Amino acid sequence: DGLNKSDTLIDLDQKMRVRTVDLAPLIDEQGNAVFLVPEVSPVFPGGPDSMQDYLQNFLGNIIAGPNEGVQNTVYIKLVVQTDGSVNEVAPAQSFPDWIPADIPQHCLEAVQQMPSWTPGQYRGRPVKVAVLVDIGLK
């Protein structure tokens, strides 16, 4: 079918290691394919700078601006549907205990309320794509 089910990556830190990573789509609970690496990635309306502006407006002074140091990063996973809507929003990791519980919750709300994205594509058709959003905190 022409679909490569894996790719080979080379780590060049201290020693060369080769590992194979499975890039095949996942199958969700409804039996639909969810891509991790589509041919065309989904895009937040206006691109990455617009997403940073959206998060800055939603989260206010807890998010680090472009010229500020990031103290910690919150990772949120989501799925961009074939119509561009965002759902299946959840933490991608457990949050450190020293971050007040309301901050990760507020970050989750910001992602849940995002406007529709331009959906990802595979072979010219829109597809569901799993996305990881990182939010840098002050």
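A residue counts as exposed when its relative accessible area is over 50% and as buried when that area is under 20%. In this predicted model, the face of H1 turned away from its buried side carries the exposed residues Asp-49 and Asn-57.

The buried residues of H1 are Met-51, Tyr-54, Leu-55 and Leu-59. Viewed down the helix axis, the buried residues of H1 fall within an arc of 110°, so they line one face. Their cover includes H2 and strand S8 (125-137). H1 has 12 residues and reaches 16 Å from its first C-alpha to its last, close to the 16 Å expected at 1.5 Å a residue. Just after H1, Gly-60 takes a positive phi of about 65°.

Tyr-54 also belongs to an aromatic cluster, together with Phe-44, Phe-58 and Trp-117.

| Pair | Geometry | Centre to centre | Angle between planes |
|---|---|---|---|
| Phe-44 and Tyr-54 | tilted | 5.7 Å | 50° |
| Phe-44 and Trp-117 | edge-to-face | 5.9 Å | 85° |

Phe-44 lies in the loop between strand S4 (33-35) and helix H1 (48-59), and Tyr-54 lies in H1, so their pair ties together parts that are 10 residues apart in sequence. The pair of Phe-44 and Trp-117 links distant parts of the chain, 73 residues apart. Trp-117 sits in the loop between helix H2 (102-112) and strand S7 (120-122).

Are the residues Phe-44 and Trp-117 buried or exposed? Phe-44 has 5% relative accessibility and therefore counts as buried. Trp-117, at 8% relative accessibility, counts as buried. Tyr-54 is buried as well.

Note on methods: Residues numbered from 1 in each chain as written. Predicted model: local features only at pLDDT ≥ 70, side-chain atom pairs only at ≥ 80, totals over all residues. Heavy atoms only, no water. Phe/Tyr/Trp six-rings, centres within 6.5 Å; stacked < 30°, edge-to-face > 60°. Helix = DSSP H or I, 4+ residues; strand = E, 2+ residues; numbered from the N terminus. Buried < 20%, exposed > 50% of the residue type's maximum accessible area, 1.4 Å probe, protein only. Expected span 1.5 Å × (residues − 1). Arc of directions from axis to C-beta. Contact = heavy atoms within 4.5 Å.
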